[in-house]
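This briefing walks through one structure by topic, with the cut-offs stated where each term comes up. Please keep the sequence and the coordinates at hand while reading.

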Amino acid sequence: MGQNFRAFVGSTPAAVAEATNCQVTISGNMEDSSTKDSESSWTEEQMVSKQWSVSVDNVDSTLASLRALITQFNSDEKTTVGWDRTSGAQNRVAQNENFARSGDAILNDISIQANNRSTITITCQYQGSGALS
Amino acid sequence: MEKNEKPKAPEAVNEQETIKPGVPVKVEGETRAEVADKIKEMRSRAAEQGLTDKEGGFIHHVKGKDIDDPGIFAAEMIFIKK
């Protein structure tokens with residue numbers, strides 16, 4: 001269930017509170033290494049670099065977290081970000097699955113969705129800096 | 001003549017300490033698997049004391065002091081009464 005896959009953020013990483021969605025992206029940047037010597041017209045791709053990011057949507061009707069997020073954004077500082085399956089009373093206890101990973105990341109995108117007669121949603125994207133471990 | 005010294009009392013090891021409700025507990029290890037095992041052990045001990053996880057338990061890498069130091073893996077947990 002998607003409910004039990006959560007993002008963890010912070011120097012002592014904790015599950016992001018009031019989250020409604022999270023998205024993890026791990027991707028490789030490819031480059032065509034084919035040359036004039038290549039014997040077909042197909043590209044010969046090789047991965048030249050890798051990147052990862054985590055995006056989290058969370059409900060924040062009082063905007064209590066926004067100031068801290070802007071401060072973090074302005075600081076350019078890295079923080080620990082990762083993901084794991086969770087359970088427990090508030091569904092915030094990490095289960096240490098073999099797919100759980102973490103790494104240093106920078107908060108590089110904050111967006112606020114404030115529709116009339118609707119809860120406010122803040123979306124934060126953390127861009128990985130360095131390897132996942 | 002060498003002075004006779006009393007043998008040192010064994011230091012309190014983590015495994016014998018009581019887990020306090022609401023107080024963060026930290027476990028560390030060289031690998032993710034080692035920390036995962038320690039977390040299992042800690043959860044088992046907490047259950048014996050009538051405690052359960054409140055939050056945490058997320059294993060993360062802690063960088064070393066320099067390029068030659070591979071760092072460690074760590075996790076912090078908070079237990080509460082069931």
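A residue is called buried if 20 or more other C-beta atoms lie within 10 Å of its own, exposed if 12 or fewer do, and partly exposed in between, with C-beta atoms placed from the backbone. This is a predicted model, in which local features need pLDDT of at least 70 and side-chain atom pairs count only at pLDDT 80 or more, while totals for chains, interfaces and linings use all residues. Residues are numbered from 1 along each chain as its sequence is written, and chains are lettered from A and ligands numbered from 1 in the order in which they are written.

**Chain A overall**

- Helices (H or I, at least four residues) and strands (E, at least two) are DSSP runs numbered from the N terminus, and chain A has one helix and eight strands, in the order β-β-β-β-α-β-β-β-β from the N terminus on.
- Chain A is more spread out than a compact globule, because its radius of gyration is 18 Å, well over the 14 Å that the globule rule gives for 133 residues; the radius is taken over C-alpha atoms, and the rule is 2.2 Å times the number of residues to the power 0.38.
- The C-alpha trace of chain A spans about 60 × 35 × 30 Å along its principal axes, and buried residues make up 20% of the 133 residues in the chain.
- Two residues are in contact if their C-beta atoms, placed from the backbone, lie within 7 Å; of the contacts in chain A with a separation of 6 or more, 59% are between residues 24 or more positions apart.

**Helix α1 and positive phi angles**

- Helix α1 of chain A (residues 66–75) lies largely in the open, because the number buried among its ten residues is zero.
- Just after α1(A), A:D76 takes a positive phi of about 60 degrees.
- Most residues other than glycine have a negative phi.
- A:N91, in the loop between β5 (78–87) and β6 (93–94) of chain A, has a positive phi of about 60 degrees although it is not a glycine, and A:N91 counts as partly exposed because it has 15 C-beta neighbours inside 10 Å.
- A:N96, in the loop between β6 and β7 (101–113) of chain A, is likewise not a glycine and has a positive phi of about 55 degrees; with 19 other C-beta atoms within 10 Å, A:N96 is partly exposed.

**A:D84 in strand β5**

- A:D84 is found in strand β5 of chain A and counts as buried, because it has 24 C-beta neighbours inside 10 Å.
- Not counting residues up to four places away in sequence, A:D84 touches several residues, among them A:R6, A:N96, A:E97 and B:F58.
- A:D84 and A:R101 are 17 residues apart in sequence, and their C-alpha atoms are 7.2 Å apart in space.

- Leaving aside neighbours within four places in sequence, A:A7 is in contact with residues including A:V16, A:V54, A:V81 and A:W83.
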